[in-house]
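Hello,

Here is the structure I promised to pass on to you.

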Amino acid sequence: MDYRYSDIDTLRSLLSNNETTPESLFKEAKSLAHKYQSSINPFVTIVDEYQKESSNSYIDGIPYALKDNFSTKGMLTTASSNIMKDYVPVYDSTVYKKLKEAGAVLVGKTVLDELAMGGTGTTGHTGIVKNPWDLSRMIGGSSAGSAASVALGIVPFAIGSDTGDSIRKPAAFGGVVGFKPTYGRISRYGLFAFASSLDHVGCFSRIVKDAAIITDILKGRDKYDMTSLSDDDKVYSELLNNDICGKKLFYFKDICNPEYYKDSNDEILLKTLEEFHNTIEKCREIGFIVDEVPFKKDLLTAIYPTYMIISCAEATSNNANLTGIQFGPRAEGDNINDIMFNARTRGFSELIKRRFILGSFILQKENQEKFFLNASRVRRMIVDDMNKLFEEYDGLIMPASGGIAPHFDEASDRLSDRYLILENHLDIGNFGGYPSITIPSGFVDNMPIAINITGRQKEDDWVLNMAYKIEAKLGFKGQIAGGEDNV
Amino acid sequence: MVTKEKLKSYASKLMFDMDDAEYEILLSEFDVILRQIELINKIDNISDVKPMTFPFLDYERELREDKIEESLEIDEVLLNAKFKVNDQVKVPKVVE
């Protein structure tokens, strides 16, 4: 039987009626994982043997994939970096532990941009991840393999991490749902830290309801993560049908206006914005009030450099323990400093080293005020202005990207408004820890596009509810890359 | 002004090195990055604002009791170390 289009409800029904078994679902998923591994490369590790704990949970027996920066005891966890290529964790991340206890079946650990520090899906040590919709294009990152595994129908859900859009952007490029809950909603214990004040745990799925089901399983206070939130005692998957009539959404004026880019000959951008406005009309048809709202342009253009400064500075510190001494490839050297120097020189890719050097530059005493502290001030200014808007509005709705998944050899002007704002506004969700979800909203040039909805802190239930209603209206739920013919 | 020598010194503090071609790439990246960073420094009244290092504005830091709980066994802790002697990671002599 072809399970690729099946959501969690369907699989639960099949399992409960004994029309399939967990082992059969695992074997099918494993077969698909191997089928697409050479063409798309979603996985670092494909699990060989079926393993499952018994459980009465709703996701008992459901197969899934896990980004390879989550610790899995006894199973290779590489963060897609050569400096971790042989690392086998001695403990489970809380996410993996909860999914095991819920009876979910791990199919594989997925490729990411090295150490989660990237947005293309091209920097993992086991190779690039291709976009299943068009193999000449990237799927984005850093949670590239997780996005691809869901887009291909290998698994109904996959776990990712999101520091500056690393779930929500590849979801957009892959034509699937990507949900980043409120900061701390899901424990980060056992997630390799990238930038601790920005890191979030979230998931991919093909429908909003499945994202709600998984978040219900994973959320809750964890004594091993002191930033984790106490459970809000809500069942998100049972709140999806709440009435959204009269709920107010806003988008950034000017930035989403095609007229603003009329001198650009970027056809893809103009088509994407046209589709965005069609989506806005559909939102109004189902009862949302949607306004265009001005937001300080200097803050919007500062989003990307603010993210780069904070994330590179925090990452440089977080990855200082990767030395090849207590774990990692042991390099040669006459003394301990030489061993660490050689391990780090060989173990990190050149791109990661460049990011770390930027982080070190930012943290030099003479630069801290002008760069790191000023970026942290801009973060507060953006969050303050967003919180003022959230006093009146229930959510921000925006195009998830200014276009479609780029080709691998495509360059972009990193100082243009399109790049600085439309490609990076999702970072706002990380600055303020807001719940934020990307859902497919159509196609441009046969490639998926998406919208993103970001809500108030701790209102994960409302963000999922609003996305569920919009998803139903738009009609792109449950799609598989390439459709029946697949890749 | 950022020079190749300064970049090398930052790399050295981080205990790694790159080849010359990579330093050249990084120099040209710095050119773009510093122009982006200038967008931050142009924002009015920025110095009046308190830096934000955590996403929530109203977070209460709590402390827990320092209770002894189960932890990892020594052989688990050392599982990924390539060179070990008894319950220690082995490295070259520090003091000659």
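Below are my notes on the sheet, a helix packed on it, and the core.

This is a predicted model, in which local features need pLDDT of at least 70 and side-chain atom pairs count only at pLDDT 80 or more, while totals for chains, interfaces and linings use all residues. Residues are numbered from 1 along each chain as its sequence is written, chains are lettered from A and ligands numbered from 1 in the order in which they are written, and side-chain values use heavy atoms, without hydrogens and water.

Let's start with the sheet. In chain A, 11 strands form an open, mixed sheet in the order β1-β3-β2-β6-β8-β7-β12-β13-β11-β9-β10 (strands are DSSP runs of E, at least two residues, and helices runs of H or I, at least four, numbered from the N terminus; strands pair if DSSP finds at least two bridges between them). β1 (43–46) and β10 of chain A are at the edges with a single partner strand each, so one side of each has no neighbour in the sheet.

At one end, β9 (residues 248–252) and β10 (residues 289–293) of chain A run parallel, joined by five bridges. Here A:F252 is opposite A:V293. Elsewhere, β7 (residues 177–180) and β8 (residues 200–205) of chain A pair antiparallel over three bridges, with A:V177 partnering A:S205.

Now the core (buried Ala, Val, Leu, Ile, Met, Phe, Trp, Tyr and Cys residues joined through side-chain atoms within 4.5 Å; buried means under 20% relative accessible area, with a 1.4 Å probe and protein chains only). The largest nonpolar core has 170 residues, of which A:I159 and A:I397 touch the most other members. Helix α8 (residues 297–318) of chain A gives the largest share, 12 residues.

Best wishes

Definitions and conventions. Buried < 20%, exposed > 50% of the residue type's maximum accessible area, 1.4 Å probe, protein only.
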